[in-house]
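The plan is to go through it feature by feature and jot down what turns up.

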Amino acid sequence: MKIFHSIHDFESDKKTILTLGTFDGVHIGHTAILKKLIQNTHNGEFESTVLTFFPHPRMVLQGKTDLKLLNSIDEKIGLFEKIGIENLIIHPFDEVFSQLTAEEFVKTILVDQLHIQKIIIGYDHRFGKNRTANFEDLEAFGKIYGFEVEQISAQEINAISISSTKIRTALEEGEIHLANDYLGYDYVFSGTVVKGKQLGRTIGFPTANIQLSEDYKLIPINGVYIVQALIEEKAVFGMMNIGFNPTVEGKEKTIEVHLFDFESTIYDQKITVSIIHPIRSEQKFESVALLIQQLQKDKEYSLRYLSGL
């Protein structure tokens, strides 16, 4: 897959079959569009091309600096590549770009710069300044500038309206399986293992304390989860706690993973964590002894669950 960090860097000697959007999560609704994109390349006559944006337009236009995203840029690149997209354009979104009228966007960007043969969009896609243009407008431009337009209906996207917002809500409410079903993969995040207070090792449950790579990445509701961690391309199962460790009067929110049958020192290493299944909400116990008892139950439950996969 070729990656371009601006529309203006894009180069190809073929016409393109294009789709565009923020694609936060690259969920199964997005995947339906992307697979149709690839099917329309006519075995190499055209190139499948995705135009996406960073920062997220809502962060720029609405000042929503508190908006949390489902994917980092690296995660998004990996998902597009796995699906089989040939060209990925990650264009910097800013106020100037947002002021392009619908026709300016179509003529100068889609036609002149990206050489589109066909554009495929979701049923609710809007574009241009103030997002005033819709599918019918795009069809009209297609007739003027000589490209095809295809719309993916809500019914085609797994018969339901899947959205990144619904997935964010599911994760924030602890509905991990629902979020994973909508995504089509286990929700994942990455970070660096840093030194914490090292309390876990004193009670027989050493943990990897994770510092996120991106501060805009959404982390699910506080609680305990069954996870799979990827460390130097090795997969290890474990259980993760997100929260404040109230039993030991924790003051800062942490993300800690206890890895099963794993004894290596991994400080300063990158770790990628996939969330498989929720165990329970975060609790405050009357004593550390009761916490240890619960952690042992959590581990036994996790191992039973994993044995059934």
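**Ground rules.** For a helix, I take the expected span as 1.5 Å times one less than its number of residues. Helices (H or I, at least four residues) and strands (E, at least two) are DSSP runs, numbered from the N terminus. This is a predicted model, where local features need pLDDT of at least 70 and side-chain atom pairs count only at pLDDT 80 or more, while totals for chains, interfaces and linings use all residues. Residues are numbered from 1 along each chain as its sequence is written, and side-chain values use heavy atoms, with hydrogens and water left out.

**Helix α1.** I checked the length of α1, residues 28–39, against that rule. Its twelve residues should span 16 Å at 1.5 Å a residue, and the end C-alpha atoms are 16 Å apart, so the two agree.

Next I looked at burial: buried means under 20% relative accessible area, exposed means over 50%, and partly exposed is in between (1.4 Å probe, protein chains only). In α1 the buried residues are Gly29, His30, Thr31, Ile33, Leu34, Lys36 and Leu37. Which elements cover them? The cover includes β2 (16–20), β3, α3, β5 (116–122), β6 (148–152) and α7 (164–172).

I picked out Thr31, which lies in α1. Thr31 has a relative accessible area of 16%, so it is buried. Contact here means heavy atoms within 4.5 Å. Leaving out residues up to four places away in sequence, Thr31 touches Val26 and Ile83.

Most residues other than glycine have a negative phi, and most peptide bonds are trans. I noted the exceptions below.

- Val26 has a positive phi of about 45 degrees, though it is not a glycine. I find Val26 in the loop between β2 and α1, and its relative accessibility is 2%, so it counts as buried.
- His115 is not a glycine either, and its phi is positive at about 55 degrees. His115 sits in the loop between α5 (102–111) and β5. Its relative accessibility is 32%, so His115 counts as partly exposed.
- The peptide bond from Phe54 to Pro55 is cis, with omega near 5 degrees. Pro55 is in the loop between β3 and α2.

**Empty space.** Rolling a probe the size of a water molecule over the atoms shows where empty space is left. On a 1 Å grid over the protein atoms alone, a cavity is a set of points where a 1.4 Å probe fits but cannot get out; a pocket is an open set with protein on both sides within 12 Å along at least five of seven lines; lining residues have an atom within 4 Å of a point. Grid points are joined across faces, edges and corners, and a volume is the space filled by probe spheres set on the points.

How many cavities of 30 Å³ or more does a search of the whole structure find? I get one. The largest cavity holds about 60 Å³ of space. Its lining residues include Phe53, Phe54, His56 and Tyr216. Both β3 (47–54) and α3 (73–83) supply at least two residues of that lining.

The largest pocket has a volume of about 1200 Å³. It is lined by 41 residues, and the closest to its centre are Gly21, Thr22, His125, Arg126 and Arg131. Elements giving two or more residues to this lining are β2, α1, α2 (57–61), α4 (95–98), β5 and α7.

The second largest pocket has about 970 Å³ of space. Of its 45 lining residues, Asn209, Asn241, Asn245, Thr254 and Glu256 are the closest to its centre. Two or more lining residues come from each of α9 (199–202), β8, β10 (234–243), β11 and α10 (288–307).

**Strands around β8.** Two strands pair if DSSP finds at least two bridges between them. Strand β8 (residues 208–212) is joined to β7 (residues 188–194) by four bridges, and the two run antiparallel. Thr192 has Gln211 in β8 as its bridge partner. β8 also runs antiparallel to β11 (residues 254–259), with two bridges between them. Here Ala208 stands opposite Val257 in β11.

**Val273.** My last entry is Val273, in strand β12 (residues 270–280). Buried or exposed? Val273 is buried, with a relative accessible area of 0%. Its contacts, not counting residues up to four places away in sequence, include Phe189, Ile210, Met240 and Val257. Val273 and Lys68 are 205 residues apart in sequence and 17 Å apart in space, C-alpha to C-alpha.
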